[in-house]
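Subject: Structure for your review

Dear colleague,

Please find below the structure that I am handing over to you. I would be grateful if you could look through it alongside the notes that come after it.

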Amino acid sequence: MTSAITTSRAPARWQDYVQLLKPRVMSLVVFTALTGLVCAGRPIHPLLGAVAVLCIAVGAGASGALNMWYDADIDARMRRTRGRPVPAGRVQGADALGLGVTLSLLSVMFMGIALNWLAAGLLAFTIFFYAVVYTMWLKRWTAQNIVIGGLAGALPPVIGWAAATGSVPLNAWLLCAIIFMWTPPHFWALSLYTSEDYEKAGVPMMPVVAGAASTRRQIFIYSLLFVPLCLAPAATGLGGAVYLGVAGLGGLAFLALAWKVRRSSAGDSADPRNDGRLYDVKAGAKDARNLFAFSILYLTLLFATLLAEKLLDLPGLPVLIHGGGA
């Protein structure tokens, strides 16, 4: 866990505290939560909707700050993360902890008071699961850390749905399941060309524990499970014809990239040129890099299409399974 990891301490800037909140991760959380809130189909006052999304964003930021506080020792050993505010010495660990705890309490309380306590409870559980179950336990203990820990990143659309309706029907959990199954191929693709960093930091990521070949095989297996799941919203009435087309065509591309990773040599050797930049890799790791990049695009397109269909009231498909609406 965290220990003294300081070089020369420079005064903290406001940008350092923003970085503690992991704004890039927060943006995906906000987007998927907003999709869940809108897809719930229940009219909600714009101000309350904004408060719900803000609370989820603040909760995600709180999780990021707690993660950076506890993982400062790991972050300091990895090229990709050693420039973060705590390991770089720009923010004290105690300050990151205080910020995380404060934002956690504020986000949960405001969600409960302004919206409902089901959404607040789900938000509290998500923060706890990411900060404690994943960060403090799974990440350092098992190669399945990403698989199990992925639940934290998958829950925001459920929270958004609950904020709008006070309930969490099948379609809300379907959105959760899509993100949950997306997480292993997404992060394992990244870990294939950053495994040296994880090994140095003592993090049991799949390529470190099971080897690159096993990781590539598991990426493809999870992709085979993930892509059909992405088609399911069209059967429950959550997604329409446009969504089905995006999910189908994008899914074929996803599988093709996953198969290329399966047949590649990604992760078989360290990449001395990878200095922490996510997309600067040598030739052997490009297939993993490409899948990692496309996975972000594909998930974004899926949720953007659901959001657009709902907002534009595009015609849907016949409902094969009653997925539970608002």
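The notes below cover a helix, the salt bridges and a surface patch.

Please bear in mind that this is a predicted model.

Helix H3

Helix H3 runs over residues 46-70 and comprises 25 residues. From its first C-alpha to its last it reaches 36 Å, close to the 36 Å expected at 1.5 Å a residue. Most of H3 is covered, with 18 of its 25 residues buried.

Salt bridges

There are eleven salt bridges in the structure. Three of them deserve a description here.

In one, the side chains of Asp 71 and Arg 140 meet, at 3.0 Å from N to O. This pair links distant parts of the chain, 69 residues apart: Asp 71 sits in the loop between H3 and helix H4 (72-77), and Arg 140 belongs to helix H6 (residues 117-141). Asp 71 counts as buried because its relative accessibility is 0%, whereas Arg 140, at 26%, counts as partly exposed. Both residues also belong to a network of salt bridges that links Asp 71, Asp 73, Lys 139 and Arg 140.

Another salt bridge joins the side chains of Arg 79 and Asp 197, with an N to O distance of 3.2 Å. Here too the partners come from distant parts of the chain, 118 residues apart: Arg 79 is in the loop between H4 and helix H5 (93-114), and Asp 197 is in helix H10 (residues 195-201). Asp 197 has a relative accessible area of 3% and is therefore buried, the cut-off for this class being under 20%.

Lys 260 and Asp 287 form a further salt bridge, in which the closest N and O atoms are 3.8 Å apart. Because Lys 260 lies in helix H13 (residues 241-263) and Asp 287 in helix H14 (residues 286-312), the pair ties together parts that are 27 residues apart in sequence. Lys 260 counts as partly exposed, at 44% relative accessibility.

A nonpolar surface patch

Which residues form a nonpolar patch on the surface? They are Met 109, Ile 113 and Trp 117, and together they have about 370 Å² of accessible area. Met 109 is found in helix H5. With a relative accessibility of 43%, Met 109 counts as partly exposed. As a general point, an α-helix has 3.6 residues a turn, so residues three or four places apart point the same way.

Yours sincerely

Definitions and conventions. Residues are numbered from 1 along each chain as its sequence is written. This is a predicted model: local features need pLDDT of at least 70, side-chain atom pairs count only at pLDDT 80 or more; totals for chains, interfaces and linings use all residues. Side-chain values use heavy atoms; hydrogens and water are left out. Helices (H or I, at least four residues) and strands (E, at least two) are DSSP runs, numbered from the N terminus. The expected span of a helix is 1.5 Å times one less than its number of residues. Buried means under 20% relative accessible area, exposed over 50%, partly exposed in between (1.4 Å probe, protein chains only). A salt bridge is a side-chain nitrogen of Lys or Arg within 4 Å of a carboxyl oxygen of Asp or Glu. Patches are made of residues with over 30% relative accessible area and no salt bridge: like charges are joined within 9 Å, nonpolar side chains (Val, Leu, Ile, Met, Phe, Trp, Tyr) within 5 Å. Accessible areas come from the Shrake-Rupley method with a 1.4 Å probe; for residues, only the protein chains shown count as cover.
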